[in-house]
Amino acid sequence: MAIWGEGNSRPGNAEYVLYLVKPFALNETMSILDFGCGLGGSTRAIAKEFDVYATGYESDQILAEAGKALSVKHGMDRRAAISHYDPRTTVLKSGQFDCIFCADHMHAVAGKSQMLSRLEVALKTRGQITIVDSVLGEKIKPDDQRLAATLGAEAMEQSLFWSTADYEKAFRELKFDLRIGEDITERYRKLVTEGWDSFVQKPEGKEASRAFPKETVAEAELWQRRLAAYDAGLLRVYRFYAIKMGGTRTS
């Protein structure tokens with residue numbers, strides 16, 4: 001949170017989040033799911049800007065509980081409700097949401113095809129989805145040794161990267177109309193470097209480094225490796241925006 005700003009557990013301020021959801025053309029009659037919301041900074045930014053009911057689901061229980069507490073703190077526990085999501089037990093109701101937003105999360109999801117199918121079910125007909133994710137660079141295979149050497153063994157165990165072609169195929173099979181497939185790596189990279197520059201310069205960043213030295217070093221190494229993968233073309237960051245064309249179905 002000290003790195004990415006109050007209420008955020010990933011790169012990106014409110015301005016960035018609102019840029020990502022702009023194609024939704026949100027208004028107060030619409031509902032939106034922020035899937036993999038972390039501490040819920042994006043959920044609250046969307047709810048506040050568009051006066052909508054935003055639901056945030058987070059698979060990490062500790063982050064979900066902290067995010068829920070932050071929504072309560074800001075008086076947004078109804079407008080930006082944060083809940084723990086367990087893929088084994090949590091049910092996504094058919095046709096529940098007008099829009100689904102998912103940033104920096106899908107690369108860590110096992111069984112992405114099945115998860116995308118469940119998200120498709122949760123959308124209303126003509127519902128919209130935006131996914132922002134790190135994807136394999138051009139001609140890079142998941143087992144490329146350069147990727148493993150750059151990211152490290154632990155990060156590779158936690159991430160299951162798709163290519164842009166994998167995403168395009170999944171959208172096509174689920175009968176989505178894919179409108180945007182945009183490489184936003186440079187914009188994302190700038191957010192990461194600005195976040196770390198601010199962290200090392202601000203007093204709260206220095207305090208966090210002293211209080212949690214091991215965690216700070218581990219986080220810094222993770223992002224140094226991730227940036228190296230972007231710079232080498234091993235990974236890219238893409239924004240996908242699509243519209244559900246099929247009718248409402250059950251999972």
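Select helix α2 (residues 41-50), where seven of the 10 residues are buried, so that this helix is largely enclosed by the rest of the structure. Buried here means under 20% relative accessible area, exposed means over 50%, and partly exposed lies in between, with a 1.4 Å probe and protein chains only. Helices (H or I, at least four residues) and strands (E, at least two) are DSSP runs, numbered from the N terminus. What you have open is a predicted model, in which local features need pLDDT of at least 70 and side-chain atom pairs count only at pLDDT 80 or more, while totals for chains, interfaces and linings use all residues. Residues are numbered from 1 along each chain as its sequence is written, and side-chain values use heavy atoms, with hydrogens and water left out.

**Around helix α2**

Colour the buried residues of α2, which are Gly-41, Ser-42, Thr-43, Arg-44, Ala-45, Ile-46 and Ala-47. They pack against α1, β1 (31-35), β2 (53-58), α3 (61-73), β3 (80-84) and β4, where a contact means heavy atoms within 4.5 Å.

Next, pick out Arg-44 within α2. Is this residue buried or exposed? Arg-44 has a relative accessibility of 8%, and therefore counts as buried. If you show its surroundings, leaving out residues up to four places away in sequence, you will find that Arg-44 touches Gly-7, Leu-39, Gly-67, Leu-70, Ser-71, His-74, Met-76, Ala-80 and Ile-82. Then step just past the end of α2 to Asp-51, which takes a positive phi of about 55°.

**Helix α1 and the segment before it**

Move to helix α1 (residues 14-21), whose buried residues are Tyr-16, Val-17, Tyr-19, Leu-20 and Val-21. The elements that these buried residues pack against are α2, β4 (97-103), β5 (123-136), β6 (176-183), α8 (185-201) and β7.

In the segment before α1, select Pro-11, which counts as buried because its relative accessibility is 3%. Apart from neighbours within four places in sequence, Pro-11 is in contact with Trp-4, Tyr-16, Asp-104, Tyr-188, Leu-191, Val-192 and Trp-223; Tyr-16 is also one of the buried residues of α1. For a sense of distance, draw a line from Pro-11 to Ile-131, a residue 120 places away along the chain, and the two C-alpha atoms will be separated by 15 Å.

Ala-25 counts as exposed, because its relative accessibility is 56%. Then go to strand β5 and select Arg-126, which is likewise a residue other than glycine with a positive phi, in this case near 70°. With a relative accessible area of 46%, Arg-126 is partly exposed.

**Helix α10**

Select helix α10 (residues 213-231) and, within this helix, Ala-229. How much relative accessible area does Ala-229 have? The value is 0%, so Ala-229 is buried. Leaving out residues up to four places away in sequence, Ala-229 touches Thr-150, Leu-151, Leu-234 and Leu-235. From Ala-229 to Ser-83 the chain runs over 146 residues of sequence, and the C-alpha atoms of these two residues are 32 Å apart in space.

**The whole chain**

Now zoom out to the protein chain as a whole, which has 10 helices and seven strands. Its radius of gyration is 18 Å, close to the 18 Å that the globule rule gives for 251 residues, so the chain is as compact as a globular protein of that length; the radius is taken over C-alpha atoms, and the rule is 2.2 Å times the number of residues to the power 0.38. Taken along the principal axes, the C-alpha atoms fill a box of roughly 50 × 45 × 30 Å. Of the 251 residues, 49% count as buried, and among contacts between residues at least 6 apart in sequence, 80% join residues at least 24 apart.

Finally, colour the chain by pLDDT, the predictor's confidence in each residue, from 0 to 100. The mean for the protein chain is 92, and 97% of its residues reach 70 or more. Confidence is lowest in helix α9 (residues 203-211), at a mean of 79, and highest in strand β7 (residues 235-244), at 98.
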